[in-house]
Amino acid sequence: MKKNYRILILTFCLLSLLCAPTFANYDTVPEAGIAINGKMVDGIKPITMNGKYFLPFTTLSKILGYNDIRFESNTKTYEVTDGSTVVRLTMGGTRARRGDEYMNIDAPRWINDTAYVSLDAASSLFNSFMYFKVENGSIQVEKPASRYRVQQGDTLWLISKAHHTSVNQLMVANAMSSINIFPGQILKLPSREQTKEMDPIKEKRPVENVPQKQPQIHSEIIDIAKQFIGGGYKFGATLNEAPRLFDCSSYTKYVFGQKGVKIPRTSREQAGLGTAVGAKSLKQGDLLFFQSPTLYSDGRVGHVGI
């Protein structure tokens, strides 16, 4: 009986550790203005932990246009998108995903039922460079990122992969003679001309429910699309907001869905399906994909149209 009692105590202790919320001692600080590329756009309420600034994740996501926010309460995992890129992170986890790439970040914290991410983590997740400006007490966001602060566990290979460049180009941009880097080091990212996203990964499954042997499908798609001209635009608009509000990829998903054609949510995912054709082979109803250098520094697909 005593042995079983000890096993129960040990099991309870392990479960307590696994299920414990991610929190720490923290200090509240005055509300800070948040500026994107020097222009003040909103306010945000940061906290500090061990001298680092942490920002409320959902508030920051919306300020940066990632308005489609989904939360898995059982794992405390967030997935957000601006219509182009999906960002996914879990409370307490030191690895997060942006699009198809995984990156090292400071562990997000769960405090008073609110998710917080450090400025460094937010910079990586949102392809930006963020810092606290002492002179006016503001959070500054440089977007798209032109520099990167090295995180624990990073290598030049991981950084180059996340930013769609190469180790050699990173070394040249920073006049480096060695691949050795250290946490906190700030690296210049290669110029936009030296970054190129890998071709979107082609899914094994085809686009679902594409009507066969119906030439009129192309013009029908255009007719449906025209019905929503004049709808409001919102980065990361949720599918529930259609047809009142759209972003580029929720628009294409909604329009194609009216004909029973199922395509993914984001432009990056949509680019991974179907058959690529040359400019001379384009037809009405085909999807066209664009880069958005004013939003993303890494050459990713950032926009889609019909």
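What is the mean pLDDT of the protein chain, and what share of its residues reach 70 or more? The mean is 85, and 84% of the residues reach 70 or more, where pLDDT is the predictor's confidence in each residue, from 0 to 100. This is a predicted model, in which local features need pLDDT of at least 70, side-chain atom pairs count only at pLDDT 80 or more, and totals for chains, interfaces and linings use all residues. Residues are numbered from 1 along each chain as its sequence is written, and side-chain values use heavy atoms, with hydrogens and water left out.

**View 1. Confidence along the protein chain.** Helix H1 (residues 2-19) has the lowest confidence, at a mean of 44, and strand S12 (residues 114-118) the highest, at 97. Helices (H or I, at least four residues) and strands (E, at least two) are DSSP runs, numbered from the N terminus. Over residues 5-22 pLDDT stays under 50, and the model has 7 contacts for this stretch beyond four places in sequence; contact means heavy atoms within 4.5 Å.

**View 2. The open sheet S6-S7-S8-S9-S10.** In this order 5 strands form an open sheet with antiparallel pairing; two strands pair if DSSP finds at least two bridges between them. Strand S6 (68-72) and S10 are the edge strands, each pairing on one side only. From one strand to the next the twist averages 20°, with axes taken as lines fitted to C-alpha atoms, for helices over the stretch in contact, and angles running from 0 to 180 degrees between N-to-C directions.

**View 3. The hairpins on either side of S8.** Strand S7 (residues 77-81) is joined to S8 by 5 bridges, and the two run antiparallel. Val80 stands opposite Val87 in S8. The S7 and S8 hairpin has 4 residues between its strands, and Gly83 in the turn has a positive phi of about 100°. Between strand S8 (residues 86-90) and S9, also antiparallel, there are 2 bridges, and Arg88 stands opposite Arg97 in S9. S8 and S9 form a hairpin with 4 residues between them, where Gly92 in the turn has a positive phi of about 85°.

**View 4. The open sheet S1-S4-S5-S12-S11.** This antiparallel sheet is formed by 5 strands. Strand S1 (27-28) and strand S11 (109-111) stand at the edges with a single partner strand each, so one side of each is left without a neighbour in the sheet. Strand S4 (residues 47-49) and strand S5 (residues 52-56) run antiparallel and are joined by 3 bridges; Tyr53 in S5 is the bridge partner of Thr48. In the loop between S11 and S12 lies Asn112, which has a positive phi of about 50° although it is not a glycine.

**View 5. The largest cavity.** The model holds 3 cavities of 30 Å³ or more, a cavity being a set of points, on a 1 Å grid over the protein atoms alone, where a 1.4 Å probe fits but cannot get out. The largest has a volume of about 120 Å³, a volume being the space filled by probe spheres set on the points, which are joined across faces, edges and corners. Its lining comprises 17 residues, of which Met103, Ser124, Tyr148, Ala162 and His163 lie nearest its centre; lining residues have an atom within 4 Å of a point. Two or more lining residues come from each of strand S9 (95-98), strand S10 (101-104), helix H3 (119-125), strand S15 (147-149) and helix H4 (156-162).

**View 6. Two cis peptide bonds.** Lys143 and Pro144 are joined by a cis peptide bond with omega of about 0°, and Pro144 is in the loop between strand S14 (138-142) and S15. The bond from Ala242 to Pro243 is cis, with omega near 5°.

Methods: 1 Å grid on protein atoms, 1.4 Å probe; cavity = no way out; pocket = protein on both sides within 12 Å on 5 of 7 lines; lining within 4 Å.
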